Amino acid sequence: MHVVIERTLKNASSYFQNFFLQDYPTKGTLHSIDPRVKLLSTLLFVILAVSTFEPKKLIFLLFSLIAISAILGLNLRRLFSRVWLFSLFSFVVVLPLLLQDPKYPFLFTLRVLIALVSVQMLIMSSSFAEICSALRSLKVPEVFVQGLWLAYRYIIVVFQDIINILLARESRRVSKGSHMDLWKRGGESVGLFFLRSIERAERVQLAMASRGDKIFGIRSKFGILEIIYIALSLFIVLWCIVL
Amino acid sequence: MHIPDGYLDLNIAGLFLVLTLLVLGYSIYRLRGEKLTSLFGVLSAAIFAAQMLNWPIPGGTSAHFVGGALAGILLGPYAGCLAMAIVLTIQTLVFNDGGITAWGANVWNMAIVDVFIGYYVYRALSGFNRNLAAFIAGWLGITVAAIFAGIEIGLSSSFAYGLAVTVPVMGTWHAALGIIEGTITAGVVSYIATRRAELLEKKEVGKASFVLLAALIALSPVFAYLAESVGYSEPLENAAKILGLEENPIYEGLLPDYSIPGLDPYAGTLISGAVGVLIVLALAYAVRYARSNRKNA
C-alpha cells in the first residue's frame, strides 16, 4: 500500500523530468515561428472546431492541421500518441447516444480531436518560456505570468522534495501499518512538504528581490515566416466559414 | 474535473471566461504591492506535485488530491485562487489537460469556487474544530466545484447529455471523492497547525471579498433560470413520469417547486433562489453572531 504512493510519485517525477528535458527534441519550421502567432492561431483553430458540427468543415480543418504539422516539421506519430487517448475517452462518453443520433458521437469526437491537435501543435513547437513571453506580449498581467513561469521551473525541484520526504519516512518505518496509519503518515508528509515549499518560497522571494527577475515580452517584428503562417491560418479560417 | 475543448458551447465558455477574468483581476488588484509572486509560484508547483500523489483506497482503487481549499486556507482566497489558476494554466498549456476555450470555466470551478468556498467554510468553522473545518472545507469546495462543472456541461447544447445527467453524475461522484480531499486537507492543516500555526491565521480579506462571495452565490439563481429555460427537471421527476406516478404532496411549502403561485415561473424561480440564498446567509450570520457572543461571555 505504501508502495502505491511512492511508485506513482517516482513515475510522475521521472515522467516530468523527461518531459521537461524533451522540450525541444527536434527543430522544424513550426518551431521557428513567433509563439505569439502560434498562440493566437491555436486559439482561432480551437474556436473554429468547437463552434461547428458540420462534417465537411471539421474534416477540412483536421486535414489542414495535419498537413501543416507534417509540412512544418512536427512528428505526426508523436502528435497522435498525445491525442488519441483523450479522443477515445470522449468517444466512449458519448457512445450511448449512438442510437439516438448515429452521427453525433463521431462529430463530437472529431471536434475534441481537432482541438487537441491544435493545442499540441503549439505545445510541441514552443518551449514554456516562449509561451510565457508570448502571454506577456499579449498584455497578460506580469504577476500572473511570473507566477506561471516560477511554478513551471520549480515543479521538478518540489517533486524531488516530496520524494525525499517520503523516502526519509519510509526508511524510518518498521511495520507495514494499516490504511489508517498510511493516511495519517501521508497527511503528515504532505503537511511537511507544504511547509518546506512555503519556506522555499520565502527564500526565493528574497533571492528575487536581490537579483531581480522579470519575464519580458517578445518585441521582435514578424518576419516572412510569421506572415505566411498568419496568411495560412486566416485562409483556413475563411475557407472553413465559407465551406 | 478538467473540461476539455469541445464540451462547452462558446457562449457558456465566454460567460465563465468573463466571470473568471473579473475575479482574477480583482485578486491581482487586491494583492498589488505585496511581494507574493514567489509564494504562490512555488506553492503552485507544490500543489501540482501533490496532485500527482495517488492515494490508495480499500478495494484496489486510488484517487488524487486537488488542493483548492488548502490553497485558500494557506494563502488566503486571493493568492490561493491565483495559485490554482497558475496550476490549471500550466496543465492546459503544457499538458493539454483542460481545454483552451474551457479555461475560464475550469478556473472558475477549481480556482475560484473551490478556493473561496473552502476558505470561507474553514474560517466559519475553525473556531469550533480546526480539523473538522478543514475536512468540510475540502469536501464542500470540491463538491460544489464539480456541481458547477456539471451545470456548465449540462447547459451546453454541444454536449448531448442534459443537466439531469451531468449534475448528478458530477455532484455524486465528487461528493464521494471529496471525502478524500477533505481528509487530506484536514491532515495537512493539522500538521501545519502543530509546526507553524501562524500560517493558518486569518488572512486580511475585507468586506469586498464578502461581496465577491455573495456575487458568486447569487449566480446560482441565474443558473436556475437558465435551467428552466432549457427545460431541466429532477431525475426523480423523470423517473416518476416514466412510471406514471403522480405527486401527492402532504405540505407544499411556502415556495412550492421553487415557484411563487400566480407569478411567471422564471421570475418565481429567480425569487425563490434569492430567498434561499438570503435564508442561508442569515443562518450563517446567526451562527457567527452566536459564536462571537459566546466568546465575549
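This passage walks through the fold of chain B and then a helix pair in chain A. The model is predicted, so local features are reported at pLDDT of at least 70 and side-chain atom pairs at pLDDT 80 or more, while totals for chains, interfaces and linings use all residues. Residues are numbered from 1 along each chain as its sequence is written, with chains lettered from A and ligands numbered from 1 in the order in which they are written.

Chain B holds 10 helices and 2 strands (DSSP runs, H or I of at least four residues for helices and E of at least two for strands, numbered from the N terminus). Read from the N terminus, its elements follow the order α-α-β-β-α-α-α-α-α-α-α-α. Of its 297 residues, 46% are buried, that is, they have 20 or more other C-beta atoms, placed from the backbone, within 10 Å of their own.

Helix 7 of chain B covers residues 163-195, and its 33 residues should span 48 Å, which agrees with the 45 Å between its end C-alpha atoms (the expectation is 1.5 Å times one less than the number of residues). A kink of about 35 degrees is centred on B:Ala176 in this helix, taken as the angle between axes fitted to the seven residues ending there and the seven starting there.

In chain A, the axes of helix 3 (residues 35-50) and helix 10 (residues 224-242) come within 11 Å and cross at roughly 10 degrees (axes are lines fitted to C-alpha atoms over the stretch in contact, with angles from 0 to 180 degrees between N-to-C directions). The two helices are therefore roughly parallel, a term for angles under 35 degrees. Residues in contact (C-beta atoms, placed from the backbone, within 7 Å) include A:Leu44 of helix 3 and A:Ile230 of helix 10.

Definitions and conventions:
Parallel < 35°, antiparallel > 145°, perpendicular 65-115°, else oblique. Contact = placed C-beta atoms within 7 Å. Buried ≥ 20, exposed ≤ 12 C-beta atoms within 10 Å, placed from the backbone.
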